[in-house]
Amino acid sequence: MERKTQTSEEKDIILCRCEEVTQKTIEEAIGKGGDTLDSVKRSTRAGMGLCQGRTCQRLVAKILRDKTGKPLEALTPPTSRPPFRPIKLDLLAQEGNKTAERK
Amino acid sequence: MKRCADVVIIGGGIIGCTAAYFLSKYTRDVVLLERKGIASEASGANYGMIWEQTRQPGYDLTMARRSLELYPTLINEVFDTDIEYEKKGGMTVFFTELERTAAEIVTRSKQSQGIPLQLLGAPEVRELEPALSEEIMGAVYCHEDAQLNPMLTTIAFARAARKGGVAIYTDTEVLSIRTHNQSVQSVITNRGEIKTSIVLNAAGSWASQIGDMVGLKIPVYPHKLQSFVTEQIPHVLNRVIQGTQIHRDSSLEEAVQGFSYTRNVSAERPRIGQQPFHQGALADNTMLYIKPTVSDNIVCGTTFEFVGHDKNTSYESLTLIAANAKKTLPQLKDVHIIRSWANFDPWTVDGIPIVGETEIGGFIIAAGHGTAMSHGPATAEALAELIVHGKPIPFGEQASITRFTD
Ligand SMILES: Cc1cc2nc3c(=O)[nH]c(=O)nc-3n(C[C@H](O)[C@H](O)[C@H](O)COP(=O)(O)OP(=O)(O)OC[C@H]3O[C@@H](n4cnc5c(N)ncnc54)[C@H](O)[C@@H]3O)c2cc1C
Ligand code: FES
């Protein structure tokens, strides 16, 4: 996917709404050597707010991926809920139709 | 952490956060305790529908309507972040003659209650939502219905409450409640004790555990709903789409109930301890929801189960949801699912929450909401009036815990 170059206004976007941390602040923290979610969190407070990062963690992880080249899976803690990989909806739907018909 | 407060709210979901905000208008001495983060349970995991079309007359409709009035003012005057509120109308689609007949009956009866429902035919449905399946026969539509981002909304209330002086403690779990002479005295948490004479139990589907701490049986049960979300796709859908829970072999009476959200408990009054219905196969307990998010990921749901607080998602449920979603919005078939989750609708036997005072002095309940995104602001406004001015809650007898015992 092609990424647009962002204007400075877009960089003022607040990524962590609980702690009011902008994209720019997060990028600066990464520029200063922050290369994990935890280090960015400690230096900017992004993720330490009321929602404990549920809203912003994914967005911060994406910026980290873009800036550091680390894959997302290495940046975010693993979850134990399926699907483990993106899966085509139709594959599940076909199975679901069989279940609904069997009953 | 503060050691005493006028009011201690337990739970940082939409009910606790709206209550904190409305109380902050009157007193600065409010504490909110949340064992995880704000909106970390049902209030961050739901579809954000603020619907009037599915409400029952009386308490339910009054709260839903009042909230629909309150949200625009809150957005303009109080919130400092966008909550993605959009008043786009709500649509319940159907595929069969049986559903159409039920839809006609429900539309007429709700119209007579003053809910502005319209019955749409297939062409009108596709005019509003061109991507929906050609197999859809029609829809029940209500132009008053709105939608929002539930997580951002709950956080916006928490921020407004904090600005108003409420002390919010996350990662703080309530372990027990001390009472004396049947009145609340203090709340004990993993971080210490807070003295208070008023406790608001806003613990959602965990409300009965908080009730146990004061020896009160609160018949709220966790109703598990599973969901998944797709990758981002080009914009195809404008609003939340709901299906029905009507099967091929449903009777017309069941179909009407399925449409109007009334539960078949009217013959027998709900009692404390009455267990949730055993519901049979998961395939019989699926109901379609498709919600486009602002970023054009599509959220799909759901199946209903009573299995306690088990948050695992299951392959069976996800396949049933996918089949329903594909049938309704065929383009979804080639889209990837990227994540699934489960959370709990705080369920009561008659579908009405439990709100108001109890036999324990100072112990107030506001829990058991199937639609707290919709009820939240109005409920909180009424609770603040009750706590601060002693004003009764509108239609309060319908929501009182005494309905299970008297
Ligand atoms: C998939 C799904 C879709 C839904 N869709 C809609 C919709 O479109 N519109 C709508 O209006 N409603 C919807 N609902 C229902 C809605 O989510 C609930 O009505 C609402 O979130 C309940 O809010 P609450 O604050 O009562 O509970 P919750 O949000 O569950 O909050 C309760 C809080 O209490 C905390 N807590 C529990 N025990 C303790 C303790 N001992 N100490 C401290 N804290 C504690 C929990 O951690 C939790 O954060 C849906 C629900 C689900 C599951
Ligand atoms: S948005 Fe960052 S902690 Fe809530």
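I note to begin with that helices (H or I, at least four residues) and strands (E, at least two) are DSSP runs, numbered from the N terminus. This is a predicted model, in which local features need pLDDT of at least 70 and side-chain atom pairs count only at pLDDT 80 or more, while totals for chains, interfaces and linings use all residues. Residues are numbered from 1 along each chain as its sequence is written, chains are lettered from A and ligands numbered from 1 in the order in which they are written, and side-chain values use heavy atoms, with hydrogens and water left out.

Entry on B:Thr92. I looked up B:Thr92 and found it in strand E4 of chain B, which covers residues 90–94. B:Thr92 counts as buried because its relative accessibility is 3%, where buried means under 20% relative accessible area (1.4 Å probe, protein chains only). For polar contacts I took pairs of N or O atoms within 3.5 Å; within protein, one must be able to donate a hydrogen and the other to accept it, and residues adjacent in sequence count only if both atoms are side-chain atoms. The side chain of B:Thr92 makes such a contact with the side chain of B:Gln53 at 2.9 Å, and another with that of B:Gln242 at 3.0 Å.

Entry on ligand 1. I then asked which residues come nearest to ligand 1. Of the 36 residues around ligand 1 (a heavy atom within 4 Å), the nearest are B:Glu34, B:Ser43, B:Met49, B:His369 and B:Ala372. For B:Glu34, I noted a polar side-chain atom 2.6 Å from an oxygen atom of ligand 1, and for B:Met373 a polar backbone atom 3.0 Å from an oxygen atom of the ligand.

Terms used: Buried < 20%, exposed > 50% of the residue type's maximum accessible area, 1.4 Å probe, protein only.
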